[in-house]
Amino acid sequence: MEKTVKLLLCALGILLAVEASLFPADPIFDETIRNLNLNGNKFEKVLGGMPAEENEFPYQVAIISTNFTDYDGFCGGSLISSRHVITAAHCIASFVASSVIVGTNQPLNHSSPGYLEVFDTIRTPHPKYDSGLLDYDIALLTLARDVPLGENIQPVLLPRLNTNLNLDGRTGLLTGWGKINDDPNGYLSDDLLKVNVPIVNNQNCVNAYGPIYLNERKVCVATQGGTVGPCLGDSGGPLVVFDSEFGETVQVGLVSFGAAQGCTVGFPTVFTRLTSYIQWIADNGGPAVRI
Ligand SMILES: *[C@@H]1O[C@H](CO)[C@@H](O)[C@H](O)[C@H]1NC(C)=O
Ligand SMILES: *[C@@H]1O[C@H](CO)[C@@H](O)[C@H](O)[C@H]1NC(C)=O
């Protein structure tokens with residue numbers, strides 16, 4: 001196997017995949033590009049985000065370290081009950097203490113409509129979290145108090161227990177405030193951005209990063225040649241799909257890592273696969289499993 005040097009950069013666990021093989025051509029590329037041309041909007045911006053509507057993603061939260069400096073010390077997350085948030089374990093591992101901002105598309109703007117800051121009192125990184133392989137990269141946060149549910153604050157549904165959710169070839173919806181390009185002087189986005197991303201077979205990520213970083217607890221997401229996908233500051237944030245079997249939108253992944261060469265180079269990105277953690281979340285005080 002090729003030698004892979006990895007480097008964890010604060011807000012997005014980034015793997016420096018030296019000598020990684022190039023991301024192979026993705027057969028759903030053209031098809032997905034067509035699907036993305038909603039309302040005539042071209043996704044010409046790097047990483048392809050469009051601003052979210054007010055209250056469009058009431059489950060989206062920002063997690064901010066007390067010693068944060070822009071995207072360093074900033075992560076995404078999702079509300080899964082009025083008291084619980086899930087995010088990536090690598091996020092909170094380097095956060096001194098953190099506050100969770102709910103209810104707004106502009107978490108860095110204290111006067112934005114709906115802005116509410118709460119603190120996490122109990123942080124539960126997965127006990128098997130491996131910062132080297134970024135395995136079990138998930139954490140459950142228990143908030144200091146219940147947040148008031150309303151139009152702008154709502155939990156996201158997690159997949160049902162033992163659901164047979166085949167994600168390969170599906171289009172997921174990703175949201176976050178992460179950087180929109182690889183500019184080293186770039187900043188977080190002020191507004192929450194959303195983008196459709198193609199979920200691909202894990203083999204695409206095995207080819208890019210090597211087999212030791214991939215297993216059934218992860219989801220591989222293509223970047224359309226580096227034009228769509230997560231970047232620094234998006235870690236921990238939610239990937240949702242519409243589950244037509246039950247007629248509901250469910251969160252299936254959270255942002256874990258991408259290539260240290262950059263978000264726009266074209267490597268696929270790796271998400272934590274939530275179907276592997278439904279029971280763990282419930283066992284640690286999160287919402288009960290749905291069947
Ligand atoms: C915040 O402090 C922690 C612990 O000292 C450190 O690991 C982390 O890099 C710091 N983050 C920033 C953005 O300074
Ligand atoms: C913060 O939110 C307020 C209220 O919506 C708005 O008037 C102001 O322009 C926002 N500030 C920034 C920097 O976007």
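Student: Is Cys 75 buried or exposed, and what is its relative accessible area?

Tutor: The model is a predicted one, and the values are computed from it. A residue is called buried when its relative accessible area is under 20% and exposed when that area is over 50%. Cys 75 has a relative accessible area of 0%, so the residue is buried.

Student: Why is the disulfide of Cys 75 and Cys 91 left-handed?

Tutor: The handedness is read from the torsion about the S-S bond. For Cys 75 and Cys 91 this torsion is about -85°, and the disulfide is therefore left-handed.

Student: How many disulfides does the count come to?

Tutor: The count comes to three disulfides. Another of them joins Cys 205 to Cys 220, with an S to S distance of 2.0 Å. Its torsion is about 85°, so this disulfide is right-handed. Here, too, distant parts of the chain are linked: Cys 205 is in helix 3 (residues 203-209) and Cys 220 is in strand 11 (residues 218-221), 15 residues apart. Cys 205 counts as buried at 0% relative accessibility, and Cys 220 is buried with a relative accessible area of 0%.

Student: Where do Cys 231 and Cys 263 lie in the chain?

Tutor: Both are in loops. Cys 231 is in the loop between strand 11 and strand 12 (238-243), while Cys 263 is in the loop between strand 13 (248-259) and strand 14 (269-273). They are 32 residues apart and link distant parts of the chain. Their sulfur atoms are 2.0 Å apart and form a disulfide, which is right-handed with 75° about the S-S bond. Cys 231 is buried at a relative accessible area of 0%, and Cys 263 counts as buried at 10% relative accessibility.

Student: What pattern do the disulfides of the chain follow?

Tutor: Such a pattern is written by counting the bonded cysteines along the chain. In this chain the pattern is 1-2, 3-4, 5-6.

Student: How many cavities of 30 Å³ or more does the structure hold?

Tutor: A cavity is a space where a probe fits but cannot get out. The structure holds two cavities of 30 Å³ or more.

Student: Which residues line the second largest cavity?

Tutor: Its lining includes Glu 54, Phe 57, Pro 58, Asn 152, Trp 177 and Leu 192. The lining has four nonpolar, six polar and two charged residues. The space in this second largest cavity is about 80 Å³.

Student: Which value does phi of Tyr 136 take?

Tutor: Phi of Tyr 136 is near 50°, a positive value in a residue other than glycine. Tyr 136 is placed in the loop between strand 7 (116-125) and strand 8 (139-143), and counts as buried at 16% relative accessibility. Asn 162, also not a glycine, has a positive phi of about 60°. Asn 162 lies in the loop between strand 8 and strand 9 and counts as exposed at 72% relative accessibility.

Student: Which residues does Ala 88 touch, leaving out those up to four places away in sequence?

Tutor: Leaving out sequence neighbours directs attention to contacts made through the fold. Ala 88 touches Asp 137, Ile 138, Ala 139, Gly 236, Leu 254 and Val 255. Ala 88 lies in the loop between strand 5 (84-87) and helix 2, and counts as buried at 0% relative accessibility. The C-alpha atoms of Ala 88 and Gly 76 are separated by 8.5 Å, with the two residues 12 residues apart along the chain.

Technical notes: Residues numbered from 1 in each chain as written. Chains lettered and ligands numbered in written order. Predicted model: local features only at pLDDT ≥ 70, side-chain atom pairs only at ≥ 80, totals over all residues. Heavy atoms only, no water. Disulfide = S-S within 2.5 Å. Buried < 20%, exposed > 50% of the residue type's maximum accessible area, 1.4 Å probe, protein only. Helix = DSSP H or I, 4+ residues; strand = E, 2+ residues; numbered from the N terminus. 1 Å grid on protein atoms, 1.4 Å probe; cavity = no way out; pocket = protein on both sides within 12 Å on 5 of 7 lines; lining within 4 Å. Points joined across faces, edges and corners; volume = space filled by probe spheres on them. Nonpolar A, V, L, I, M, F, W, Y, C, P; charged D, E, K, R; others polar. Contact = heavy atoms within 4.5 Å.
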